[in-house]
Structures are given as structure tokens and as C-alpha cells.
Amino acid sequence: MPGLRDIARDALVVCAIVLTMPLWLLAYFESRLTHGERLFAGCSEFLSLFPGPPGIFLRRGFYALTLESVAWDCHIGFGTTLAHRNVRIASRVYMGNRCTVGCVCLEEDVTIGSNVDLLSGRRQHAFDELDVPIQAQSKTFQQIRIGRNTWIGNSAVVMAGVGEDCVIGAGSVVVTALSPRVVAVGNPARMVRERGLPLRSSSTLN
């Protein structure tokens, strides 16, 4: 049986769905008629500007009707924008402020710091043709999976999948997929140890 807190939260999300109806209807008709995402991205940018709990609930309401799936208890911080609908957000996901989110699947209990960029793979834009502007060349968007209970530190850039129970250091750049339970830091991000094992001395990490 859900508790009173859960019932109150769900009621507020329903209210947010009603309040954001003009926005998600615009995004819906854009998807049905043009398959585009410009209006969706614009609505995401607009809703990212609402601070505090009201902003969190407004974003939950909008994304509940526009993303592939989203848990009603997720936290999407101030200034965080989503560029694509191809996003799945599971229960108890926390995203900090001013993040940029592409095509991702965020599993349960993922924690993302502020100013993190979650990109849609490493090859979003082709650039091989010198006589064609890069913006006009082909684009490939890949949904990146972030495994459950993973923590991604502030200002990290993630371009590849990350396994469950990982820790990604602040400012790290993930360019290749990471196995579960690793602690990774640096640019490019490299494993420094495995969670659940004894911490090695600093001399073995160099």
C-alpha cells in the first residue's frame, strides 16, 4: 500500500501534467506530424528555468507524457535540459542542476551531479566530408545506458555505457563502456579500482 507521502506526490504530478498540457500537446503533435524534436527541446529548456519543488514537479508532469518512460519520483534539477524523447528514467534517479541529457537510459538509483553532459554516443555528428558543413552531415544518436546505483560526479561527460554500481569521478570523460562496480576517473576515464575490493595504495594507481 502506498503511503500518504507517495499519494501526495502522485497527486502533485497529476496536477503538473494538467498544468503542462499545452507544452506536452505541442510536443506530441510535433512527434506525430513531423517526427521532429525542436518543440520538445524548447519546452524542456523553458521548464528547466523553474526553480525549487514547483519546477521539479512541472518537469515530472511534462516528461511523464513525452519520454519513453519516467518514474514519478525522479529528481530533475534546475537548468537541466533534455534534447531527445528517447530517454528512460527509472525510480529514484537524481539529476543535479544544469545537466545536458541526450538519449539515455537511467536505471534505478542513478545519481548524477551538476553540469554533467550525457551524450547520445560518441558519433553524433559525422565530419568526414570537407565540402559539406559538419552541421549538415549525417547524425547518429545512440541510447546510452547508465546502470543502477551508479554515481556520476560533477562536470563529467559520458559518451558510452556505464555498468551498475559504478562511480565516475568529477570532470571525467567516459568514451568507452565501463564494466559494473568500477571507480573510474580522468580523461579518458580509466578504472582505478573495483568497488567491494580493498583500496590499493596510491603507488599502484599510477
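Strands E4 and E7 run parallel and are joined by two bridges. Strands here are DSSP runs of at least two residues (E), helices are DSSP runs of at least four (H or I), and both are numbered from the N terminus. This is a predicted model, in which local features need pLDDT of at least 70 and side-chain atom pairs count only at pLDDT 80 or more, while totals for chains, interfaces and linings use all residues. Residues are numbered from 1 along each chain as its sequence is written, and side-chain values use heavy atoms, with hydrogens and water left out.

**Sheet**

- Four strands make up an open sheet with parallel pairing, in the order E1-E4-E7-E10.
- Strands E1 (69–70) and E10 are at the edges with a single partner strand each, so one side of each has no neighbour in the sheet.
- Two strands count as paired if DSSP finds at least two bridges between them.
- Ile 89 stands opposite Leu 106 in E7.

**Helix packing**

- Helix H1 (residues 4–19) and helix H2 (residues 21–33) have axes that come within 5 Å and cross at roughly 65 degrees.
- Axes are lines fitted to C-alpha atoms, for helices over the stretch in contact; angles run from 0 to 180 degrees between N-to-C directions.
- From H1, Ile 17, Val 18 and Leu 19 meet Met 21, Pro 22 and Trp 24 of H2.
- The residues of this H1 contact with H2 are six nonpolar, no polar and no charged.
- Contact means heavy atoms within 4.5 Å.
- The nonpolar class holds Ala, Val, Leu, Ile, Met, Phe, Trp, Tyr, Cys and Pro; Asp, Glu, Lys and Arg are charged, and the others, Gly among them, are polar.

**Salt bridges**

- The whole structure has nine salt bridges.
- A salt bridge needs a side-chain nitrogen of Lys or Arg within 4 Å of a carboxyl oxygen of Asp or Glu.
- Asp 6 and Arg 9 form one of them, at 3.4 Å from N to O.
- Both residues lie in helix H1, three residues apart, about one turn of the helix.
- Asp 6 is partly exposed at 32% relative accessible area, and Arg 9 is partly exposed at 22%.
- For these labels, buried means under 20% relative accessible area, exposed over 50%, and partly exposed in between (1.4 Å probe, protein chains only).
- A network of salt bridges links Asp 6, Arg 9 and Asp 10.
- Asp 109 pairs with Arg 92 in a salt bridge, with the closest N and O atoms 2.7 Å apart.
- That pair links distant parts of the chain, 17 residues apart: Asp 109 is in the loop between strands E7 (104–106) and E8 (111–112), and Arg 92 in the loop between strands E4 (88–89) and E5 (94–95).
- Asp 109 is partly exposed at 29%; Arg 92 is partly exposed at 46%.
- Asp 165 forms a salt bridge with Arg 148, the closest N and O atoms lying 3.6 Å apart.
- Asp 165 is in the loop between strands E12 (157–158) and E13 (167–168), and Arg 148 in the loop between strands E10 (144–146) and E11 (151–152).
- Asp 165 is buried at 14%, whereas Arg 148 is partly exposed at 40%.

**Cysteines**

- The structure holds zero disulfides, a disulfide being a pair of cysteine sulfur atoms within 2.5 Å.
- For Cys 99, the nearest cysteine sulfur is that of Cys 74, 13 Å away.
- Cys 99 is buried, at 2% relative accessible area.
- For Cys 105, the nearest cysteine sulfur is that of Cys 103, 12 Å away.
- Cys 105 also counts as buried, at 16%.
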